Structure formats: C-alpha cells, structure tokens
Amino acid sequence: MTTTSDDPTTALPGRPPVADLATWQAARDELLVREKAHTREGDAIAAARRRLPMVEFDGTVEVVGADGPVPFLDLFRGREELVVYKHMWHDGAPHQGQCEGCTNAAWHLKDPVYLDARGIASAVLTTGRWDEVAPYVEFMGYTTPWYSVRDVPEPVGGEMGYLTCFLRDGDRTFLTYSTTSRGNEAFSGSFALLDMTPYGRGEAWEDKPEGWPEGQDPCWYWRADADGNATWGPTSRPVPQWTRPGATPVETLGRKGDCH
C-alpha cells in the first residue's frame, strides 16, 4: 500500500512518508501478515532443528577454567542441555582489542538467568590461554563461566565464532547444533530492535529507500576512535562495554573482526 505524501508541507526527505493514522494502520496490518508468516516459518525451522541428528564425542576431554582443568562434562552442571558461545581470541591483544562481534555476543549472554530458569547450562569457550582470558573475564564483569579450549579438538574446540548446543545423557555427550555469522544474532536482542527502527542498523548492505542515510561498515556503531567518534578506522575500538564506569582499557590499537 502506498503511503507516500506529495504534500511538501508534510513530506520529509530521507524519512518515512507522512500519513494519517488510518493509512499507517492499514500499511502496518499489511506488513503484519508477512511478519506472521516469517514467525511461522521460524517455528518450522526450529522444529526441523530439533530433528537434526546428533554427534557423540568424548565428554571427558579437559578444558581450563577458573578452577583449573575440568572435564567438558562439568560444564553441564548436572543439566541435560548446554549452550555455549565460542569466542574468537587475539593472542596478546588488550581487552579492547578483542573481537567486537564476539564481545557483543558474550555481553548479551552476560546474565543467562532465563536460560538457567529453563534448566539449560551456558558457557563461553575460547582458544585464548587461560592466563590471558581470566583477567579479560574479570575486566568485563562476565558471570557466565568461561573456559579455554586451546588445542582441544572439535566439537569442543576448533573454529571459534560459533553458537553451539550440546546434550548430555548420563556420561555421554552429544553435539546437536551449531551456527555462525548471522546465525549468532540469536544472542543479541539489539539487532532485532534495530531492525524495527526507521533507519535499521545503518549498515551498507541493508535495503533502504532512496534518500536514507548511507550505510557504513557492519557493526560500525560499536566502535569509536580515541575522541569518541563512531568510526571503524585503524585506531578505533569496540566501546559499549569499556566506556562503562570503572573501565580502564589499555591504550593500544584495536583489531578488526568479522561480525557480519
């Protein structure tokens, strides 16, 4: 349904067309049909996901956490299900130099109280050495358990940047699901909220009407230069977490990761 206003007193360049409430509601109801179809398709995909086969692996393989080496089985904390995020790691980088995409995911998993209430354990795994990981976890204030899986084979270790689900049956452990890139957006409610706003994420790949603000690099709004200007340049760093009170990041360059 067309809602564009030709009245120069109401039309605003680079913004949604202005319409009366009834016209807006009609257009909104039309879009709602598509949104409901999208939701139902998501339900169908989730149902298919639950029917995926699973892969058994050795749950006694050791990972390193705050209490030293422990078997992977311990991460379940006696529960049947476990959701982990595999956090990329840049050896030797300062806290603010770690991957901003992974930092975003881990931050949104900072307080998994609703997973706990559902009886699902959670953890963050990374290939960083524990002596580097431990101070980073303390600095960020994470409460979700972190573990180093350096030199641990897949599916516990291996490639990072993945959201992965596991199932336990007694002492047997199974890989049930794994996703990466845009699939990791399930961790971040911020993306879904941004997609509901008039300008969206403000990224170059988005389909937007002519005249809208030009998009920038993926996740540019997470980074700023030393003066606090939003940018993704050679001296920029991820900022949402370490601009909080009390955060004192080391003065050095950040590193560019892939959050798209």
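## Burial of strand S5

How many of the residues of strand S5 (residues 120-126) are buried? In this predicted model, seven of its seven residues are buried, and the strand is mostly covered.

The cover extends to both faces of S5. Ile120, Ser122, Val124 and Thr126 are buried on one side, while Ala121, Ala123 and Leu125 are buried on the other.

Strand S4 (residues 81-87) runs parallel to S5, and seven bridges join the two. Within this pairing, Val83 has Ser122 of S5 as its bridge partner.

S5 also pairs with S6 in the parallel sense, over three bridges. Here Leu125 has Tyr147 of S6 as its bridge partner.

## Ser148 in strand S6

Strand S6 comprises residues 146-148 and includes Ser148. Is Ser148 buried or exposed? Its relative accessible area is 6%, which is under the 20% limit, so Ser148 counts as buried.

The side chain of Ser148 makes polar contacts with backbone atoms. It reaches the backbone oxygen of Gly128 at 2.6 Å and the backbone nitrogen of Arg150 at 3.5 Å. Leaving aside residues up to four places away in sequence, Ser148 touches Val63, Val64, Thr126, Gly128, Arg129 and Trp130. Of these, Thr126 is also one of the buried residues of S5.

Technical notes:
Residues numbered from 1 in each chain as written. Predicted model: local features only at pLDDT ≥ 70, side-chain atom pairs only at ≥ 80, totals over all residues. Heavy atoms only, no water. Helix = DSSP H or I, 4+ residues; strand = E, 2+ residues; numbered from the N terminus. Buried < 20%, exposed > 50% of the residue type's maximum accessible area, 1.4 Å probe, protein only. Polar contact = N/O pair within 3.5 Å; in protein donor to acceptor, adjacent residues only side chain to side chain. Contact = heavy atoms within 4.5 Å. Pairing = 2+ DSSP bridges.
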